[in-house]
Amino acid sequence: MSPPIDFSLRRRTLLAGTAAAAAFSAVNRGGAAAQSSAAPAGPETSTVTLTVNGEPRELTVDNRTTLLDALREHLKLTGTKKGCDHGQCGACTCTVNGERINSCLSLAVMHDGDEVETIEGIGQPENLDPMQAAFVEHDGFQCGYCTPGQIQSARKVIEEIRAGIPSHVTGDLTAEIAITDAEIRERMSGNICRCGAYANILAAITQVAEESV
Ligand code: FES
Ligand code: FES
């Protein structure tokens, strides 16, 4: 018959081990806190100068601020919308130095000296841009949340096709690129419309392309 097990000894051993583990963990947490409170390598904010819709603007932003948040939160230009904030919906599309970009994917500090155009800069209710007027005429929206981004992209799509910039639809890169439904749809595919106004958006873009030949 085996000797009786000394449970009291085992319990003391266990408690001592647990206390040591807790103390070790606390020391480690203290070390991590000390590390995380260490001063960052560089400045936390930067001053950025942009030309926005033709006006020089200077703003001081946290270095992590996206161009989208700089426009919306710092400059109060809320026409540029935040949908996904992850480069997936196109609601934040604006123009930088003449090219459309997803402003949620770009830091404001990367655009010092750049020219930015937002929906507020391309037309006013009493003087709409032709693309804005075409969207109204063709009901190219329902809730309107995606519309500023759609219009910004649509204006650039026509320019891109005319400049011969290839898209995935273009098989032969030497062939002239035509303004076709497929070409427009492909180039607008980064702008999602949850209301599904795609057919009307296409009609608006096609009309502007035809009228501006
Ligand atoms: S908010 Fe920028 S792509 Fe959706
Ligand atoms: S009009 Fe509502 S998401 Fe496009």
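Which exposed residues does the face of α3 turned away from its buried side carry?

1. Pro130 and Glu137 are the ones: they are exposed and sit on the α3 face that points away from the buried side. Bear in mind while reading on that this is a predicted model.

2. On the buried side, α3 (residues 130-137) has Met131, Gln132, Ala134 and Phe135. Looking down the α3 axis, these buried residues fall within an arc of 160°, so they line one face of the helix. The general rule behind such patterns: an α-helix has 3.6 residues a turn, so residues three or four places apart point the same way.

3. What do the buried residues of α3 pack against? Their partners are α4 (147-162) and α6 (198-211).

4. Now the ends of α3. Asp129 caps the N-terminal end, with a side-chain oxygen 2.8 Å from the backbone nitrogen of Met131. After the helix comes Asp139, which has a positive phi, near 55°.

5. As for α4, 13 of its 16 residues are buried, so this helix is largely enclosed by the rest of the structure. Its length checks out too: at 1.5 Å a residue, 16 residues should span 22 Å, and the end C-alpha atoms of α4 are 23 Å apart, which agrees.

6. Following α4 there is Gly164, again with a positive phi, near 75°. Ala163 belongs to the loop between α4 and α5 (181-187). Is Ala163 buried or exposed? Its relative accessibility is 58%, so Ala163 counts as exposed, the cut-off being over 50%.

7. One distance to look at in the viewer: Ala163 and Glu176 are 13 residues apart along the chain, and their C-alpha atoms are separated by 9.8 Å.

Note on methods. Residues numbered from 1 in each chain as written. Chains lettered and ligands numbered in written order. Predicted model: local features only at pLDDT ≥ 70, side-chain atom pairs only at ≥ 80, totals over all residues. Heavy atoms only, no water. Buried < 20%, exposed > 50% of the residue type's maximum accessible area, 1.4 Å probe, protein only. Helix = DSSP H or I, 4+ residues; strand = E, 2+ residues; numbered from the N terminus. Arc of directions from axis to C-beta. Contact = heavy atoms within 4.5 Å. Polar contact = N/O pair within 3.5 Å; in protein donor to acceptor, adjacent residues only side chain to side chain. Expected span 1.5 Å × (residues − 1).
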